[in-house]
2 protein chains.
Amino acid sequence: MKQTTVKYLKEYVGETVQLQGWLYNKRSSGKIHFLQFRDGTGTVQAVAAKADVDEALFEQLRSLTQESSIRITGEVREDDRSPGGVELTLGTCELVQQAVDYPIAKQAHGPDFLLNHRHLWLRSQKQWATIRVRHEVVRAIRDFFDERDFVLLDAPIFTPAACEGTSTLFEVNYFDDKAYLTQSGQLYQEAGAMAHGKVYCFGPTFRAERSKTRKHLTEFWMVEPEMAYYDLDMVIDLAEAFVCFIVERVLANRRQELGILERDPAALEKITGPFARITYDEAIELLQKAGSEIQWGGDFGAPDETMLGDHFGKPVFVHHWPTEVKAFYMKQDPDNPKVVKAVDLIAPDGYGEIIGGSQREDDLDVLEGKIEEHNLPKEAFEWYLDLRRYGSVPHGGFGLGLERMVAWMCGTEHIRETIPFPRMLYRIYP
Amino acid sequence: MKQTTVKYLKEYVGETVQLQGWLYNKRSSGKIHFLQFRDGTGTVQAVAAKADVDEALFEQLRSLTQESSIRITGEVREDDRSPGGVELTLGTCELVQQAVDYPIAKQAHGPDFLLNHRHLWLRSQKQWATIRVRHEVVRAIRDFFDERDFVLLDAPIFTPAACEGTSTLFEVNYFDDKAYLTQSGQLYQEAGAMAHGKVYCFGPTFRAERSKTRKHLTEFWMVEPEMAYYDLDMVIDLAEAFVCFIVERVLANRRQELGILERDPAALEKITGPFARITYDEAIELLQKAGSEIQWGGDFGAPDETMLGDHFGKPVFVHHWPTEVKAFYMKQDPDNPKVVKAVDLIAPDGYGEIIGGSQREDDLDVLEGKIEEHNLPKEAFEWYLDLRRYGSVPHGGFGLGLERMVAWMCGTEHIRETIPFPRMLYRIYP
């Protein structure tokens with residue numbers, strides 16, 4: 001007998017196969033059991049009618065509990081009404097382990113309960129689908145860069161100094177010294193771009209923010225491409241192609257998961273380039289007209305981002321930001337030193353900033369001045385200054401937060417569901 | 001004029017193109033300059049003969065320094081003697097930035113000097129090639145699992161408890177609490193396997209070991225697949241196919257880099273399955289015969305691993321290890337409780353253990369006993385025990401250390417060159 005997984009059942013219509021997995025759910029009457037069987041690749045309904053199976057099996061199925069592990073055999077039948085297009089006529093069922101009182105029941109649980117049971121909650125349909133979309137997004141991200149001659153250059157996690165202020169850094173006892181967990185691999189990517197032309201890193205990053213919002217995690221994944229001989233416009237072009245590529249891949253390969261998540265694909269199908277590109281000045285004007293109290297020089301709040309997203313109905317690039325709200329390494333606009341060549345990409349539907357990028361300051365003197373202005377310890381940045389001493393070139397890049405991207409794709413309200421084991425203020429278990 | 005990169009020059013033979021990059025090296029006579037030009041995708045020789053170019057350009061090239069950034073144009077000519085098969089007849093050269101006294105010169109530098117200049121050292125040919133092999137290995141790893149229906153399930157970095165003892169853990173101040181940096185994502189992958197059938201994580205892991213050897217980093221990347229309904233033999237089969245797949249990809253796509261690294265491809269071409277599979281008992285016998293003082297019950301030292309690697313000339317699986325030297329979660333052999341269903345894969349040529357894996361203990365009672373025996377805090381493992389309470393199945397997996405694999409592929413003596421910014425005892429800069 002052929003052993004297979006739910007994913008490939010359609011290839012075995014008319015045949016009897018063996019599957020290994022778990023009982024996801026069960027509906028029973030006195031005469032028939034409908035088992036929802038899952039094996040990680042998908043779910044399928046297995047039907048056992050009292051008239052068709054032997055009595056011992058029928059009785060065994062009656063006592064079979066949710067999430068018990070089972071090996072089953074059955075004949076594969078086409079069934080247009082089922083999501084996978086097939087059903088199973090159950091032949092045998094071998095119990096591997098009986099699960100007693102599985103904690104996650106049908107009724108609604110609060111978020112704390114579910115997060116405390118994250119190791120089991122992952123088995124629920126929507127969580128299962130979310131992780132699969134996350135996988136697709138990760139794959140799309142890597143494919144996008146790999147196909148375009150980027151080289152993967154993993155950034156270090158332990159860093160000696162802060163990239164953007166120290167208040168939100170996690171401190172580690174590093175033998176007889178202190179180290180900090182990285183907030184961004186960007187500075188290291190700049191070194192990489194000078195060696196490889198185009199590079200990216202894609203790993204976990206950390207922010208010790210004492211904020212409990214639906215958009216914050218203390219530990220999240222970020223992809224950061226960096227390109228030599230790129231100006232701001234080229235950075236924006238790349239970011240636009242990148243976001244469109246990810247959306248296309250999710251639509252092409254994860255329709256089933258979007259269905260489980262009740263995410264309307266139409267909301268993603270409209271995400272095609274070109275995206276609007278407006279200056280920060282234009283954004284301020286739009287926001288003030290729409291009733292925001294934001295003043296020139298201020299950073300956007302979540303309501304401002306939502307407003308901009310709603311206005312365009314698609315992602316929108318906001319570029320040329322006030323120098324004061326952006327990091328020291330961003331390229332000063334030679335025509336207007338009050339602004340830097342920075343860009344944010346704001347997603348629609350309230351998902352906010354998903355990309356932040358810039359052209360980088362490639363002039364040694366200007367950069368040294370900025371490090372002084374920001375009161376940063378110059379010794380710690382000597383290596384970074386070397387990149388301007390030895391073969392400096394115009395360059396730029398951006399960062400995209402994986403979990404925000406996944407939340408947007410899935411239509412997930414809270415970012416905590418987009419990562420297998422979320423880490424938040426007061427949560428490191430399980 | 002067409003702008004391109006060194007990688008694609010062969011497509012432009014007979015045409016004039018523009019390139020952007022850096023001067024890698026220069027040889028000059030009074031009558032001719034040979035520029036080694038690099039742009040991250042490769043290097044090409046650009047030739048300027050005094051007789052062919054105007055005098056100002058010839059003079060400019062005379063003063064051009066190593067690692068200065070330049071834009072050049074030139075005609076592409078076929079040249080069978082050059083590694084890339086083409087050369088450039090230089091037309092113009094625009095200086096972007098002149099590099100003064102680039103620190104890494106031709107003469108040999110000590111490792112400390114090079115590591116202090118890692119941000120520049122990355123540009124050197126061998127380092128450039130190593131990072132590209134690393135990229136290929138990472139890509140192969142992800143492709144292998146993605147093509148086999150594994151789901152990526154990123155493990156958390158912050159963990160509340162130790163997986164294998166606490167002495168080598170990095171401690172983090174986590175708000176008002178303590179957290180530890182992960183040493184392995186495995187326990188979390190077991191939860192994932194029960195949700196997705198087959199999963200893997202691939203991220204940085206941390207060991208606070210006070211050892212300075214050529215095989216140790218405090219921060220390194222590890223890939224850890226975990227499979228439901230797998231026994232030890234299936235784990236070994238998968239690990240064997242996996243290693244062969246990576247080697248094949250490196251040989252298929254990175255011949256040029258192996259050449260730069262002076263790594264003989266023949267050493268990798270012989271790495272084909274099947275690999276020998278011996279029990280720990282058999283390994284001990286072999287080692288003792290070969291003169292090792294190892295006794296039954298001891299873990300292998302580096303010389304033991306080298307001996308085994310030399311004996312087989314190929315990777316060798318050693319399975320069924322003494323319970324005492326292995327972790328608490330490994331499956332006790334029902335026929336012999338003194339050993340567990342664990343496996344190590346030892347690479348040849350002194351590269352040592354590159355894979356460690358096992359079937360996991362899936363029996364709740366046995367596992368609870370092990371947690372007690374090891375004096376582990378049971379509360380911290382309640383979620384892990386849940387995996388045995390609710391739908392326990394035979395399962396297993398393994399971990400492969402990325403940097404050791406890359407070192408083996410590249411023939412690199414010290415693992416520190418296989419990661420862009422190595423972190424070691426007393427080194428977190430740059």
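This is a predicted model: local features need pLDDT of at least 70, side-chain atom pairs count only at pLDDT 80 or more; totals for chains, interfaces and linings use all residues.
Residues are numbered from 1 along each chain as its sequence is written, and chains are lettered from A and ligands numbered from 1 in the order in which they are written. Local features need pLDDT of at least 70, side-chain atom pairs count only at pLDDT 80 or more, and totals for chains, interfaces and linings use all residues, while side-chain values use heavy atoms, with hydrogens and water left out.

Chain A holds 13 helices and 18 strands. Helices (H or I, at least four residues) and strands (E, at least two) are DSSP runs, numbered from the N terminus. Along the principal axes, the C-alpha atoms of chain A fill a box of roughly 85 × 55 × 40 Å. Of the 430 residues in chain A, 60% are buried. Here buried means under 20% relative accessible area, exposed means over 50%, and partly exposed lies in between (1.4 Å probe, protein chains only). The accessible surface of chain A is about 16400 Å², and carbon and sulfur atoms supply 48% of that surface. Such areas come from the Shrake-Rupley method with a 1.4 Å probe, and for residues only the protein chains shown count as cover.

Contacts (heavy atoms within 4.5 Å) can be sorted by separation along the chain. Among the contacts in chain A with a separation of 6 or more, 66% are between residues 24 or more positions apart.

The next topic is how the chains are arranged. Two copies of a chain are related by a rotation about an axis and a shift along it. Chain A is superposed on chain B by a rotation of 180° with 0.0 Å of shift along the axis, at an RMSD of 0.1 Å. The two copies are therefore related as by a two-fold rotation axis. In chain A, the C-alpha nearest this axis belongs to Val172(A), at 2.4 Å from it. The superposition is by least squares on the C-alpha atoms of residues with pLDDT of at least 70 in both copies. Because 100% of the interface residues of chain A are also interface residues in chain B, the copies meet through the same surface.

Within chain A, strand S2 (residues 16-28) and strand S3 (residues 32-38) run antiparallel and are joined by 6 bridges. Two strands pair if DSSP finds at least two bridges between them. Leu23(A) stands opposite Phe37(A) in S3(A), and a hairpin through 3 residues joins S2(A) to S3(A). S3(A) also pairs in the antiparallel sense with strand S4 (residues 43-49) of chain A, over 7 bridges. There, Arg38(A) has Thr43(A) of S4(A) as its bridge partner. The hairpin of S3(A) and S4(A) has 4 residues between the strands, and Gly40(A) in this hairpin takes a positive phi near 100°.

Further along chain A, helix H13 (residues 402-410) is mostly covered, with 8 of its 9 residues buried. The buried residues include Met405(A), Trp408(A) and Cys410(A). Gly411(A) follows H13(A) and has a positive phi near 70°.

In chain B, strand S14 (residues 316-322) is mostly covered, with 6 of its 7 residues buried. S13(B) and S14(B) run parallel and are joined by 4 bridges, with Ala276(B) opposite Val316(B) in S14(B). S14(B) is also joined by 6 bridges to strand S16 (residues 336-347) of chain B, and these two run antiparallel. Val316(B) has Ile346(B) in S16(B) as its bridge partner.

Some backbone details remain. Most residues other than glycine have a negative phi, and most peptide bonds are trans. Gly273(B) and Pro274(B) are joined by a cis peptide bond with omega about -5°; Pro274(B) is in the loop between helix H8 (265-269) and strand S13 (276-279) of chain B. Another cis peptide bond, with omega about 0°, joins Tyr429(B) and Pro430(B). Asn375(B), which is not glycine, has a positive phi near 55° and is exposed, with a relative accessible area of 70%.
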